[in-house]
Amino acid sequence: MAYEVKNYDGLLGLKGFSDILLKNHFTLYSGYVANTNKLVDKMNAMIKEGKTGEPEYAELKRRFGWEFNGMRLHELYFSNLTKDPISVEHAKKVHKKMIDDFGSVENFEKDFKSSGAMRGIGWVITYYDISAKKIFNIWVNEHDVGHLSGCVPILVLDVFEHAYMVEYGLKKADYITSFFSAIDWKEVEKRIEWVKD
Ligand SMILES: [Fe+2]
C-alpha cells in the first residue's frame with residue numbers, strides 16, 4: 001500500500017511560523033512521500049523483471065533511505081509541534097530522562113539548541129536508546145547520515161534552511177527558540193511510552 005500524505009493544516013497560525021512558511025514546507029514534505037512511493041514501485045518492478053543486479057537498482061536502494069527518512073522525519077517534526085504547548089514537567093518520563101541523563105532540563109535544552117545551531121543542513125533528533133534507556137540529542141546530516149540504531153526518535157527538529165529562512169533569514173537560533181516554545185511534549189511523551197520498559 002502506498003504511503004499517504006498526512007495533513008498538518010491544524011498547525012496553520014502557529015506562533016513564530018508563518019502560514020506561507022508552513023504551506024511551503026507541507027508541499028516539500030509531500031514530495032518526499034511521492035518519491036518514497038515511486039522508489040518502492042520502481043524497485044518492485046525491477047525485482048519482477050529480474051534486474052536486481054543492475055547498477056540502477058543499487059542506486060535506487062541507496063536513495064531509498066534518503067527519501068523515506070525525508071518523509072518520516074517531516075511527519076515526526078510536524079506532529080511534535082502544537083499551538084497549545086504544555087510545560088515539559090507534564091511529560092513525566094521524558095522529564096525524568098532529561099534530569100537523569102543531562103542533570104537538568106536546562107542542560108538538555110542547551111545541548112539540543114546547540115546541536116541545532118551547528119552549521120549544515122539536517123535534523124536534530126532526541127533519540128531514546130531502548131537498550132540503555134538513555135536519551136541523546138544527535139545531529140543527522142541531510143536525512144540519512146547519523147541515525148542511531150535500536151533507538152526511537154522522540155523529538156525532531158528540522159534545520160534545513162527551508163524550515164526557517166522565509167521567516168528568520170540567517171537567525172537560525174531564533175527559529176530554534178520558536179520551535180522550542182511550540183513543542184508538543186504530550187506527543188514526545190507518547191513516543192517514549194511506546195517503548196516497553
Ligand atoms: Fe523540511
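**View 1. Side-chain polar contacts of N137 in the predicted model.** The side chains of N137 and T126 are joined by a polar contact of 2.8 Å. A further polar contact, at 2.9 Å, links the N137 side chain to the side chain of D111. N137 itself belongs to strand β2, which spans residues 134–141.

**View 2. The surroundings of N137.** When neighbours within four places in sequence are set aside, the residues in contact with N137 are F102, F108, D111, F112, S115, I125 and T126. Of these, D111 and T126 also make the side-chain polar contacts with N137, at 2.9 Å and 2.8 Å respectively. N137 counts as buried because its relative accessibility is 11%, under the 20% limit for that class.

**View 3. The largest nonpolar core.** This core comprises 57 residues, and those with the most contacts inside it are Y77, F108, L157, Y175, F179 and W185. Helix α2, formed by residues 55–79, gives the most to the core, contributing 7 residues. Domain 1 (17–79) and domain 2 (88–193) each supply at least three residues to the core. F108, listed among the residues with the most contacts inside the core, is also in contact with N137.

**View 4. The contacts of Y175.** Not counting residues up to four places away in sequence, Y175 touches F17, Y77, L157, D158, V159, A163, Y164 and Y168. Among these partners, Y77 and L157 are, together with Y175, listed as having the most contacts inside the largest nonpolar core.

**View 5. A second, separate nonpolar core.** This core has 5 residues, including L39, M43, Y57 and L60.

Definitions and conventions. Residues are numbered from 1 along each chain as its sequence is written. This is a predicted model: local features need pLDDT of at least 70, side-chain atom pairs count only at pLDDT 80 or more; totals for chains, interfaces and linings use all residues. Side-chain values use heavy atoms; hydrogens and water are left out. Helices (H or I, at least four residues) and strands (E, at least two) are DSSP runs, numbered from the N terminus. Buried means under 20% relative accessible area, exposed over 50%, partly exposed in between (1.4 Å probe, protein chains only). A polar contact is a pair of N or O atoms within 3.5 Å; within protein, one must be able to donate a hydrogen and the other to accept it, and residues adjacent in sequence count only if both atoms are side-chain atoms. Contact means heavy atoms within 4.5 Å. A nonpolar core is a set of buried Ala, Val, Leu, Ile, Met, Phe, Trp, Tyr and Cys residues joined through side-chain atoms within 4.5 Å. Domain bounds come from an automatic or database domain assignment.
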